[in-house]
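The sequence and structure are shown first.

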Amino acid sequence: MQQTLEEVTQNFHSLLTHDFNVDGISEIMAARLGKGGTEVSIIHPKHMANYGVKINEKINTMCVAQTSLDRGFELVTGDIKGVVRINCRNGKPFFSKDIKDGIRLPSAVLRAAPGDMNGNKLSEIVVGCANGEVVMIERIPGKKHRWDKIRGFSLGKIYQQPVNNIITGDFNGNGQTGFIAGSKDGMFKEIEFRPQLQKFDLIGEFRVETEPSFCLSGDIDRDGISEVMVGEYSGKLSIFKRNRLMSVHNLDGAITSGAVGDVDNDRQLEVVIGTANGSFHIFRQNTMESYEGYSNINDLRIGDLNGNRLNDLVFSIDKRRVVAFSFMRDKSREKPNAELLPYQSGTPAGMKPPAPHSPDITNNFCPNCQSQVRFIEQYRRWYCYSCRQYVAPVSKQESVTRKPQIDAQTQGSPYSIGSPYEPYPPYAAQSNGQTQKGIEKVKSKVESSLAAMGEDKEIEWQEDKEQPAEVEPEANYFLPLDLEADPEAGAEFFNDILKIRHVILIHAQSGVPLFSQGFGKDIDVSLTSGFLSAVGTFTEEMSGETDKRVGVFSEIGREGFWIIIYEGEHSKTALLVTEKLGALLKKRIKFFMNEFEAKYKEALLNFTGFISTFTGATDLLEKHLRLEYLYPLKPDIKRMRLTAITQNEKKLAKTYTEFLTKTENEVFYVTELIDVVYKNSEINLSKEDVLIVLIKYLENGMLIPLPPPPDDAF
């Protein structure tokens, strides 16, 4: 580490680094609050110290954007009066003092971030306001095809409190830039703009435990999907990808700032985090490099300050002193750390796929019980078998109170269907004789009490002998499906389940995807739901139908790929399958829709666009369609051997025992287990026979499904 810059200047509240005039040297700009407003001036390089811009109000945020093709990079500011200004150079050495581009919002602007939201190769600006409102600002063509007007596109108040964080990026890998807005209570919402429809879609949500102090985004692993780093005042750094928590790192002070970039010039991206106690940390994939000895580090930035094509790390100390360092990677200072991302989710274009990544489990522990966690390859997540949940691993053990463990041998597994495990023991049922004795006992006590009081009255006891008649429901869709009751029908149903690749629930009126769950290649759920809604609208218009097609199945596709759609009253279910489905599975889809719409009727009728309400659909899908059969499964070989009765069960138990001795994997998909049987030439069983045995294993806890990690957790 070599120091390249040190500047002591007047107190400032914001710092920005960018190469505005494209000369290969990054300028450092500081915003200082004065009597007449805010002055934004350049403190590096020295020869540009006289260039800057003055704003008549106190600004809360600054960012860099390019909103037009002929103006170059522009400085965007937002102030306490709600005015967003776009300051351009106008052909001069730096910014013009005559600011004409601006828009006034109804509340103070707290955060702003640029991004190409509508795909026109120019930047739009997303701002968060103090009243909870989010506004997208864009430049529109004026007279003579000049981009000389700007307008605001409001999303409304998405929070009931100030929007403290705004970041932009491609958070889904679909080539569409979106943004994430965060509130003071730790809630974050990912939103994308649909330029064809001129509307915004809520893509997902996640949250952190305590108040966030800083938030940034960057594509750390260069797979085309931006990760989100959230720092908290408690010193915890959480890293999210696709709205799922990847890892958690505990630092020794409140997190104040951060940056993503190639800080050590090794052509790899690092995450640099600064803290209030004067330390900053450089995070790599599974190591961390720490530097201490400063005070109150803020405004971390990365830029080339010398024009030598090497990046420097810039930060402020106590909001008054600006320092910069150049780094060369020093592995002797690196310490093992929990991995930033436990997997690589994609491969950049033009590059070979990386070698299979085998995370080191020796340095990853559960934050709840401090047990070593295991890496589930199918979900690319860390899983704690002691807590039976997905966790974000920590790198060092701490002394905490261990959670009580469940003995699976005596109480069964909570993941097995029909398990005897109960969180509380049920009350013992009483016979009619015991009930009558209790009544007589109570009667005698009451009579003795009245006699003691001098009341000599005969008590008349009346009992209601009539029981209300049982009303049989029209459809028993509240009952779970039992595949063991009829083995042949169960095998046929199981075979249909294996055809499912994706399940999407769509709001009937708006076309917004309410819930989705995939069992194969990832798809763009928003695009798919929009396509299905458009097809449904087109079909209604061409056929001339005006009434809702409730309770009707539709099929679209070709050989090898079909979309099965079931229309409900307020929503619809779409299943992406490889072959057409049987009658029994379609019947269970109807039962699922009936219970889903009964449970979420109010939320469907008063739908506001937020989908976190419908996360409980997973339980209903498992209940009616048994989709947990498609989850990764952990075999219990010992129980398979002990409970094997028929010849088929003994053959499969022997086959799986031999297979597990030859592999290091612990978790498998059901299709993999079926292939293992077919590859054994000594076993001559039909697919129906194999499925019947697997149903027994699944229903009785010998194959334990591992559910997918929830979107708002791990």
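## Terms and basis

A residue is called buried when its relative accessible area is under 20%, exposed when that area is over 50%, and partly exposed in between, with a 1.4 Å probe and protein chains only. At 11% relative accessibility, Lys499 therefore counts as buried.

The model is predicted: local features need pLDDT of at least 70, side-chain atom pairs count only at pLDDT 80 or more, and totals for chains, interfaces and linings use all residues. Residues are numbered from 1 along each chain as its sequence is written, and side-chain values use heavy atoms, with hydrogens and water left out.

## Salt bridges

Side chains of opposite charge can pair when their charged atoms come close. Here a salt bridge requires a side-chain nitrogen of Lys or Arg within 4 Å of a carboxyl oxygen of Asp or Glu. The count under this rule is 24 salt bridges.

One of them joins Lys46 and Glu7, whose closest N and O atoms are 3.0 Å apart. Lys46 belongs to the loop between strand S4 (37–44) and strand S5 (52–55), and Glu7 to strand S1 (residues 2–8), so the pair ties together parts 39 residues apart in sequence. Strands (E, at least two residues) and helices (H or I, at least four) are DSSP runs numbered from the N terminus. Lys46 is exposed, at a relative accessible area of 57%, whereas Glu7 is buried, at 17%.

## Buried pairs and a network

Asp221 and Lys241 also meet in a salt bridge, at 3.3 Å from N to O. This pair links distant parts of the chain, 20 residues apart: Asp221 lies in the loop between strand S18 (212–218) and strand S19 (227–232), and Lys241 in strand S20 (residues 236–241). Both Asp221 and Lys241 are buried.

In the salt bridge between Asp496 and Lys499, the closest N and O atoms are 2.9 Å apart. Asp496 is buried at 5% relative accessibility, and Lys499 is buried at 11%. Elsewhere, salt bridges with shared partners connect Asp264, Asp266, Arg284, Glu289, Arg329 and Glu334 in one network.

## Packing of H9 and H10

The axes of helix H9 (residues 647–660) and helix H10 (residues 670–679) come within 10 Å and cross at roughly 100 degrees. H9 is therefore roughly perpendicular to H10, a class that covers angles of 65 to 115 degrees. Axes are lines fitted to C-alpha atoms over the stretch in contact, and angles run from 0 to 180 degrees between N-to-C directions.

Contact means heavy atoms within 4.5 Å. Leu652, Thr655, Tyr656 and Phe659 of H9 meet Leu673, Ile674, Val676 and Val677 of H10. The contact residues comprise seven nonpolar, one polar and no charged; Ala, Val, Leu, Ile, Met, Phe, Trp, Tyr, Cys and Pro count as nonpolar, Asp, Glu, Lys and Arg as charged, and the others, Gly among them, as polar.

Conventions:
Angles under 35 degrees count as roughly parallel, over 145 as roughly antiparallel, 65 to 115 as roughly perpendicular and the rest as oblique.
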